[in-house]
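Dear colleague,

I am passing on the structure below, together with some notes on what came out of it. Please read the notes with the structure open beside them.

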Amino acid sequence: MRRTNTCGELRQKDIGKEVCLQGWVRFSRDHGGVAFIDLADRYGITQIVFDPEDVPGGVDAAALSGAMRDFTRESVVSVSGTVRKRVDGTEDARNPTGEVEVLVTGAELLNRSRPPPFELGDQKEGVLPNEDTRMRYRYLDLRRTEMAQAMELRSRFLHLVREYMGGNGFLEIETPVLARSTPEGARDYLVPSRVHPGAFYALPQSPQLFKQMLMVGGMDRYYQIARCFRDEDSRKDRQPEFTQIDVEMSFVDMKDIQDTIEGMVAHVWKGLYGKEVGTPFRRIGYREAMETYGSDKPDLRYGLEFVPLTETVKDAPYDIFQRIIRGGGIVAGLNLKSGVAGERIGRNDVDRYIGQAKKFGLGGLTWMRCKDGKLESNITKYFTPEILEAIKQRMGAEEGDLLFLIAGPWKPTYEGGGALRRKLAEDLGLIPEGEMQFLWLVDCPMFEVDPVSGRHGAFHHPFVLPEGDIDAPGVGGACFDLCLNGNELGSGSLRIHDPELQARVFKKIGMDDEGIEADFGFFIEALGYGAPPHGGIAIGVDRFLAILLGKDSIREVIAFPKNKKAVSLLDKSPAKVDEKKLEELQIISLAIDDLDLCGLEEPDEE
């Protein structure tokens, strides 16, 4: 028997057709000698029926019945038969094939399955097993409709990306997976060389250096669906190995890169959903994003915007604010409008949010409520009536509104306030479902200065083109981020193409001549052979897809992910290696017990 149709294909138009279906037995049930089977594959589910009274002449009903009794749950089977209309009243409107069924005339067991460790059917009315069980039996988890749909969307997404990029003059070029270890922000995964004992390759954190050297090589427009590797702690949006859409272009400015990516997103959107996506995307400066939303990847789907209050309260006889402002800190406020949230947050809730604020790195949280036209709280006695009225006016406070005030050093205070803003929006149900808000974060700084050591670090990475003298305070960088619904999808920039300027930036972030030559000498040499002005961007595929599917974790859109401890429970990696292999590599084995892949304390994913 040879498959004629998939299990998601048959419709009313196929009634009377002789077909052969092959797939997995999802459910089976016997109703007084009449057997029903839900036969499944990644395309869908079709109901199969064995009715001894309807078996056509020439078919051995007893043999057929006996064969089907061997069809255990999740066994692979092949059935042939005739498509017929379901009995009136038994149609399944939820299933695209729910108006028809196949009356079996032939059946064959292709491979018997062991009893599955968890239910693979529709989980809407059930409960999924814990994630480690799903990771352990990922090949079974992939049979679930939800996972099959996620893999299908991923495939369609990447196909549309390639379609757009190829149609716009980009070359898809692979870059090395075995390369030199260079300091790029995260730990490298190292690969020992047998041919060169004591020497190591590194798996790429990104193709950054190679794609820039492709521009030196005149490739002009490059892209790659690139696999990247970073040895860092796992989180919901982080995996040891991940996929990104890597792009680099020559002779461009930032808008050229942004326009290209907007066009790509619009093409993908149209292909996936048949809808237009609004372009151009909104552009928000880094400082505005931090001071308005408390985040450099702001979520625009709801309000709760911060209002600066430093100037308003600078003369308030409130010692805490005075000390913060004298130290260069800020004060800002968040207005929870009475019609939205203010009246839903009682005094006990206020105390709970004060505790949350401390967990988010804030020193505390000041609150005031507008009642009878005035601001009231346990600290209003420390403010003059004039300053309270100024706060009320500045915050647009009306009857019943609840004000939260945050204070402290600029960056950590706004970051903590941003985390509090997200928590409030989640608790109060302010985040609309199904809405997608893209934006570009622009006007970013070139460097970040450590408040303790005073050392400079790259805001994005050290290959960003400075927008001015790198020794000038607050110099900007020609870099930007693509954000969606409070998540960073990718970072891009114009790159340094002058080898002398690149060396100066390395020194600015603390590298000496010897370190620069050892780690990046080959790259600086390449820039010296006529590197064109160029720039690019990298977009995280896994994170993008997780957002589109409404998943909390990127593990839900990766076929074979690692778990929270960066362990593959499927093949038990990482694992010890045979001593002979280590001897070939001239590596000394560590005398350790077998790794505990499941018993370690799980890290905090937040």
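In which loop does D578 lie? D578 lies in the loop between α15 (541-548) and α16 (579-584), where helices (H or I, at least four residues) and strands (E, at least two) are DSSP runs, numbered from the N terminus.

Please bear in mind that this is a predicted model, in which local features need pLDDT of at least 70 and side-chain atom pairs count only at pLDDT 80 or more, while totals for chains, interfaces and linings use all residues. Residues are numbered from 1 along each chain as its sequence is written, and side-chain values use heavy atoms, with hydrogens and water left out.

D578 is partly exposed, with a relative accessible area of 45%; the term covers values between buried, under 20%, and exposed, over 50%, with a 1.4 Å probe and protein chains only.

Turning to the strands, two of them count as paired if DSSP finds at least two bridges between them. Strand β5 (residues 100-111) pairs in the parallel sense with strand β3 (residues 44-50) over 2 bridges, and L103 in β5 is the bridge partner of V49. Strand β4 (residues 76-85) runs antiparallel to β5 and is joined to it by 10 bridges, with A107 in β5 as the bridge partner of V79.

Further along, strand β14 (residues 366-371) pairs in the antiparallel sense with strand β16 (residues 402-408) over 4 bridges, where R369 stands opposite L402. Antiparallel to β14 there is also strand β15 (residues 374-376), joined by 3 bridges, and in the hairpin of β14 and β15, which has 2 residues between the strands, D372 takes a positive phi near 55°.
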